[in-house]
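I record what I looked up and what I found.

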Amino acid sequence: MKEASDCKLEGACDGPINLFNLQVAPDLLSACIHCGLCLPACPTYLATGHESQSPRGRIYAVMKSQGGQVERALDHLSTCLGCLGCQTACPSGVQYESILEQVRPALAARRSWPARTAMRLFFRLLGNYGLLRLLFIPVRFVQRLSLDRLPEVLVRLCPFLKGTWLGRLASWRQFTPAVPVHKSLPARLAGQGAEKPVPVQFFQGCVMDIFYNQVNHAAMKALAGAGLTCNLPRQTCCGALAFHAGDVDIARQLAKENMAHFENLGGEIVVASAGCGAMLKGYEHLFAEGEPERARAAQFSRRVKDFSQVMASHLPPQPQKRESGAKEAPRVAYHAACHLAHAQGVRAEPEAVLNRLAAEGCLKRVPLADAEHCCGSAGIYNLLNTELSLQVLEAKMDSLQASGAEVVVTANPGCLLQLEAGVRARGLNVKVKHLAELCRD
Ligand code: SF4
Ligand code: SF4
C-alpha cells in the first residue's frame with residue numbers, strides 16, 4: 001500500500017485538471033491532506049485492500065492524471081460506489097461528491113456507443129412511468145415462468161458464454177426481485193386524527209414504484225395515519241440514475257419537468273426512496289450560476305423531506321402501547337442507506353422512528369456493525385461492477401448475520417434489492433423491509 005508521504009503532489013494542482021473535456025477544480029483536490037482517515041470508511045478499500053480502490057488513492061490518481069494517466073484515474077474512479085462514506089469520515093472536509101460529479105461525464109464518455117445508447121434509452125424510459133409499468137408486465141410473466149433463469153442455464157451449459165453479454169445478464173438476475181402486481185397509488189389520502197390535516201406532496205420514484213410498490217402504499221398510509229393529507233401529483237423520475245451515470249443532460253431535463261409539476265402545489269415534498277431524496281435535494285447543482293432554473297431548483301429542494309424526517313416530526317408526544325398479541329416483537333437491525341446518511345445527513349430521524357416503535361413494543365432493536373457502510377448497490381453499480389459489488393455485500397451480510405436480526409430495515413430501493421440478494425445467497429431467515437412498512441401497522 002502506498003503511504004501518504006509517497007504521494008508527490010507538488011505541481012499537480014497548478015491548474016484545472018482536464019479529463020477528456022472535464023475540469024476538476026484544483027481546490028477540490030488540494031483539500032486532501034492524504035491522512036488516510038477515510039480508508040476504514042471506504043467499502044471498496046476494505047473489500048480489496050488496495051490503495052487504488054480508496055478515496056485517497058482515487059484523489060491521487062486524478063491529480064496524477066494531469067501527467068497523462070487519465071485512463072488509470074478513470075479505472076480507479078469507475079469502481080467507486082459513490083457512497084460518500086469517505087466524505088463523512090474526512091476531517092479536512094474534502095468534497096468527494098463534487099469531485100465525482102465532475103468526473104462522471106468522462107466515465108460515461110468512455111463507454112462503448114451501444115452501451116451508452118442503451119443506457120440513455122433506459123434513463124429516458126424511467127421518466128415515462130406509464131410505459132415503464134407496461135414494460136414490466138412481461139418481465140413479471142418471464143419471472144413467473146422462471147424464464148429469467150435461461151441465461152444462467154445457458155452459461156452453465158456453455159461456460160465460454162460467461163464473458164459475454166449473456167453471462168452478464170445471468171449475473172444480474174440475483175439483483176432483480178420478483179416484480180409485484182402494480183397497484184396504482186391513491187391520488188389523495190386524507191390525513192387522519194388531525195383537526196386540520198397538513199397537505200404534503202408524495203414523490204413515488206420509478207424503481208421504488210416498480211419493484212417496491214407496496215412500500216409507497218405503506219408510506220402514504222403511514223403519512224395519512226400521522227395526520228398528513230398525502231397527495232400524489234403528476235411527476236417523473238428524479239434523474240438520479242442518469243446523473244450518476246454521467247448523463248447530466250437527461251437529469252437536467254427530468255429536474256425541469258419535476259420542478260414544473262410541483263411548483264404550484266403547496267406543502268413539503270415527501271419521498272420514501274433515499275436515492276431520489278438525495279437527488280431532489282441537490283437539483284440546484286444541476287444548473288450553473290445565472291441559469292434561471294437554479295433559484296427555482298433551490299426553492300424546490302428546500303421543500304423535499306425524507307419519509308423518516310416527516311414521520312419523526314409528527315410522532316405523538318408519548319409512545320402508544322400497541323397490542324402485539326402473543327407474538328414476540330422481532331429483532332430489527334437498521335442499515336443506513338448511503339443516500340440518506342451520507343448524502344442527506346439524515347441519521348437521527350429514522351433512529352427516532354425506530355426507537356419509538358421499539359418503545360411501543362412493535363420491535364426490539366439490535367445494533368448492526370458498520371451500519372453506515374454501503375451494501376454495494378449504489379444505483380446501477382451492482383450491474384456494472386457486479387463482482388466488487390458482491391464483495392462489498394459480503395461484509396454487510398457478515399454484520400447482519402452477527403447482529404442476530406430477524407428483520408433488517410432500510411430506506412432505499414437499491415439497498416432493499418441488494419440486501420435481499422445477500423439474504424437469499426446466504427439462505428438467511430431475515431426479512432428485508434423499508435421503514436414505511438414497519439410504520440404502517
Ligand atoms: S480524503 Fe480526507 S480523510 Fe481521506 S486522505 Fe484525503 S484528507 Fe484524509
Ligand atoms: S465514495 Fe465510497 S467507494 Fe467511493 S471512495 Fe468514497 S467511500 Fe470509497
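Predicted model: local features only at pLDDT ≥ 70, side-chain atom pairs only at ≥ 80, totals over all residues.

**Entry 1: ligand 2.** As to its location, ligand 2 sits in the second largest cavity.

**Entry 2: ligand 1.** I repeated the search for ligand 1, which 13 residues surround. The closest are Cys32, Cys35, Gly36, Cys38 and Cys90. I sorted the shell around ligand 1 into nine nonpolar, three polar and one charged residues. Ligand 1 sits in the largest cavity.

**Entry 3: Leu84.** I looked at the backbone of Leu84, which has a positive phi of about 70° although it is not a glycine. Leu84 belongs to the loop between helix H4 (70-78) and H5. Is Leu84 buried or exposed? Its relative accessibility is 4%, so I count Leu84 as buried, the cut-off being under 20%.

**Entry 4: Asp370.** I recorded a positive phi for Asp370 as well, of about 50°, although Asp370 is not a glycine. Asp370 is located in the loop between E9 and helix H20 (381-384). Because its relative accessible area is 46%, I class Asp370 as partly exposed.

**Entry 5: the open sheet.** I traced an open sheet of four strands, ordered E9-E8-E10-E11, with parallel pairing. Its edge strands are strand E9 (364-365) and strand E11 (431-434), each of which pairs on one side only. I recalled that strands of a sheet pair through backbone hydrogen bonds, either parallel or antiparallel. Strand E8 (residues 331-334) pairs with E9 in the parallel sense over two bridges. Which residue of E9 is the bridge partner of Val332? I found that it is Arg365.

**Entry 6: helix H15 and Ser301.** I checked the burial of helix H15 (residues 274-281) and found it mostly covered, with seven of its eight residues buried. The buried residues of H15 are Ala274, Gly275, Cys276, Gly277, Ala278, Met279 and Leu280. I next turned to Ser301, a residue of helix H16 (residues 292-302). Ser301 has a relative accessible area of 10% and is therefore buried. Setting aside residues up to four places away in sequence, I listed its contacts as Leu280, Lys281, Gly282, Tyr283 and Glu284.

**Entry 7: Cys415.** I located Cys415 in helix H22 (residues 413-426). Cys415 counts as buried, because its relative accessibility is 6%. Beyond its neighbours within four places in sequence, I found Cys415 in contact with His335, Ala337, Cys375, Ser377 and Thr410. I also noted the C-alpha to C-alpha separation of Cys415 and Ala336, which is 9.1 Å in space. In sequence, Cys415 and Ala336 are 79 residues apart.

Terms used: Residues numbered from 1 in each chain as written. Chains lettered and ligands numbered in written order. Heavy atoms only, no water. Near = heavy atom within 4 Å. 1 Å grid on protein atoms, 1.4 Å probe; cavity = no way out; pocket = protein on both sides within 12 Å on 5 of 7 lines; lining within 4 Å. Sits in = over half its atoms within 2 Å of the grid points. Nonpolar A, V, L, I, M, F, W, Y, C, P; charged D, E, K, R; others polar. Pairing = 2+ DSSP bridges. Buried < 20%, exposed > 50% of the residue type's maximum accessible area, 1.4 Å probe, protein only. Contact = heavy atoms within 4.5 Å.
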